Each structure stands twice: as structure tokens, then as C-alpha cells.
Amino acid sequence: MTDALDALLDLLDLERIEQDIFRGPSRSSVVPRVFGGQVAAQALMAAGRTVPEDRAAHSLHAYFLRPGDPRAPIVFTVDRIRDGRSFTTRRVVAVQHGRPIFHLSASFQTYEEGLEHQTEMPSAPAPETLPTAAEMLPRHAGRFVGPGVVDRLLEARAAVDLRYVDAPPYATAGEPREPRSQVWFRTAGKLADDPPPDSVWGDPLLHVCLATYVSDMTLLDSVLLAHGRGGWTVGDVVGASLDHAMWFHRPFRVDEWLLYYQRSPSSSGGRGLGQARIYTQDGRLAISVIQEGLIRVPRG
């Protein structure tokens, strides 16, 4: 396990300060606010810590309300909305400086048999044949606005091995493309198959939380591609995540390769919508994701 992955796991190691109140650390992101994937993963971890172990997360719906302060811890308050025979529902509010910055509702379910079908996995080259972030980002350093962007991006993504199938938005800024993007990802190191009895790392809860963390990294890329925009690193748009929804269909491991297939059906009103499916390397549909983001073209 790398130091960066170890640090990411520490972010998810929430402190229980009351029965249903948790506190989580924060850290700087590549932008001067808390990374949305961080607070979403921490909130889901807080919810999962109040749910029986035999109930796995199957969906979450979240709103990003205010930018988070990376210099301050985040307090997560969990409401036990419902504990049914098959489903458990939790609501989580993340607070900093006395104000809510994030709201999440999550549902958990006991395993049961049912009807099975799925959309087929799209074709993609093997992840090992694609360049790493350390190989890709320095090639395009001249496109980035301001100093140190490459180093900040590499630091922010050091816990995740993320590889683009096609060129990322910053590499083709100025050239509109089909609003579609594919990315392979996995953690930069293996996670324990059998965590110690006193460990907070539930399985599959940890894998679900880490997938939630990664899901916020690239989902709006497809919106940018449709308009030939490179993103905040290029300086031709500004934006932020507005809301985020995920459905967890089948078991997966986030330390094994997952294909993140992303498309954008629409952008309007200063907002862009991204839809995505995440597949295991053997073709099982593991997760569906939808996110709307604020995307504005700078004036002046």
C-alpha cells in the first residue's frame, strides 16, 4: 500500500464523537476547497457505520451545498430514517463552521436473489497498455494555467491509478468531440482481504466509499468534450459539483481495475449533466452514476 493510499484511508477513518455523530479530517485539494469526492465518501462511511453489517449500500443521493474548508474538520450527523426488514435508510448532514456543506441520503439492503440483466460493457483497451497520470500530465503542462498544476494533480490522484482511454479534455482543448469518456481506475495498492477485527474497514463498505471518492474526479469530462473545453486547469471554464447519485448493483473491489464509461446527454443554463456506468474488468456492471455540475465560461 502506498503512502498516498494510506493517507486516503485515514480520511475515511472517522472519529465517533457521539452515537450518530462523526468527525472527519480534511485536506487541501487541487482547488481551494474540499474535494467533493472526499466529503461524499466520508458521509457514506458515516452512514454505513450505523447500519448492520449484513446490509450493503445500494444507492446514494447527495447535494453539494457550500464549498468545504480544507483547513477545518468536518462533522457528520447521521439520522436513522428507517430500519426495515430488508432496507435501511440514513440521512447525513456534513457541517463546517456551523453551516451545512453537504447532504446525503443513502439506502442499504440485505442480499436477496432476483431478476438479472445488464447493459453490456463497451470495448476498451487493457488498462496496462495506457499511460499513467505521471506519464500523461507532464506532456500537457504547457496548456495549464498557473504554476504547479501538474504537481498538484499528481498529488491529488496519487492514491488512485487513473488511466484515460482517450485523450482527456485538457489535451484537446479547442476541439469539440463526442461527449464520451472512458477511464480505467483502481487504488494504488491492494486493500486487505480480511481486515483486523477492530478495524473500521468493513468490506464491501470501504470499497463502496472509495468508488464514491473516485467517481467525482472525471464525471463531467464528457460535458467539456462536447464543447472543446479543457477544464479549470486550462482556464476556459469554472465550475463545481452540484448533485451526485450512485447505484451499486453488484459486488466489486476498488483495488482491481474498473472501467468508468461516461457520457453527457445535455448541458444548459450553466449546468452540465454526466451519466456513467462502472464495470469490473470481467464485464459486470457494478455501479451507475449521475452528476450535475455547475459549468460556466469565464467572462472578460
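Trainee: Is F144 buried or exposed?
Mentor: F144 counts as buried, at 9% relative accessibility. Keep in mind that this is a predicted model.

Trainee: And Y170, buried or exposed?
Mentor: Y170 is buried as well, because its relative accessibility is 8% and the cut-off for buried is under 20%.

Trainee: How many aromatic pairs are there?
Mentor: The count comes to four aromatic pairs. One of them is F35 with Y213: the ring centres are 5.1 Å apart and the planes sit at 80°, so that pair is edge-to-face.

Trainee: Why does 80° make F35 and Y213 edge-to-face?
Mentor: Because planes over 60 degrees apart count as edge-to-face, and the F35 and Y213 planes are at 80°.

Trainee: Where do F35 and Y213 lie?
Mentor: F35 is in the loop between β2 (21–24) and α2 (36–48), while Y213 belongs to helix α5 (residues 205–218). They are 178 residues apart in sequence, so the pair ties those parts together.

Trainee: What about burial for those two, F35 and Y213?
Mentor: F35 counts as buried at 17% relative accessibility, and Y213 is buried with a relative accessible area of 4%.

Trainee: Back to F144 and Y170, what do they form?
Mentor: F144 and Y170 form an aromatic pair that is edge-to-face, with 5.2 Å from centre to centre and 70° between the planes. That pair links distant parts of the chain, 26 residues apart. F144 sits in the loop between α3 (133–136) and α4 (149–156), and Y170 is in the loop between β7 (160–164) and β8 (180–187).

Trainee: New topic. How many salt bridges are there?
Mentor: The count is 15 salt bridges. Side chains of opposite charge can pair when their charged atoms come close.

Trainee: What does R253 pair with?
Mentor: R253 meets D255 in a salt bridge, at 2.9 Å from N to O. R253 is buried, with a relative accessible area of 17%, and D255 is buried too, at 4%.

Trainee: Which residue meets E292 in a salt bridge?
Mentor: R271 does, and the N to O distance is 2.9 Å.

Trainee: Are E292 and R271 buried or partly exposed?
Mentor: E292 counts as partly exposed, at 21% relative accessibility. R271 is also partly exposed, with a relative accessible area of 37%.

Trainee: What does R23 pair with?
Mentor: R23 forms a salt bridge with E15, and their closest N and O atoms are 3.1 Å apart. R23 is partly exposed at 32% relative accessibility, and E15 is partly exposed at 40%.

Trainee: Which residues are linked in a network of salt bridges?
Mentor: D166, E178, R180 and R263 are linked that way.

Trainee: Last one: which residues gather in the patch of negative charge?
Mentor: D3, D6, D10 and D13 gather in that patch on the surface.

Trainee: Where is D6 found?
Mentor: D6 is in helix α1 (residues 3–12). D6 is partly exposed, with a relative accessible area of 39%.

Note on methods
Residues are numbered from 1 along each chain as its sequence is written. Side-chain values use heavy atoms; hydrogens and water are left out. Patches are made of residues with over 30% relative accessible area and no salt bridge: like charges are joined within 9 Å, nonpolar side chains (Val, Leu, Ile, Met, Phe, Trp, Tyr) within 5 Å. Accessible areas come from the Shrake-Rupley method with a 1.4 Å probe; for residues, only the protein chains shown count as cover. A salt bridge is a side-chain nitrogen of Lys or Arg within 4 Å of a carboxyl oxygen of Asp or Glu. Lys and Arg count as positive and Asp and Glu as negative; His and the chain ends are not counted. The place of a charge is taken as NZ of Lys, CZ of Arg, CG of Asp or CD of Glu. Helices (H or I, at least four residues) and strands (E, at least two) are DSSP runs, numbered from the N terminus. Buried means under 20% relative accessible area, exposed over 50%, partly exposed in between (1.4 Å probe, protein chains only). Rings of Phe, Tyr and Trp (its six-membered ring) pair if their centres lie within 6.5 Å; planes under 30 degrees apart count as stacked, over 60 as edge-to-face and the rest as tilted.
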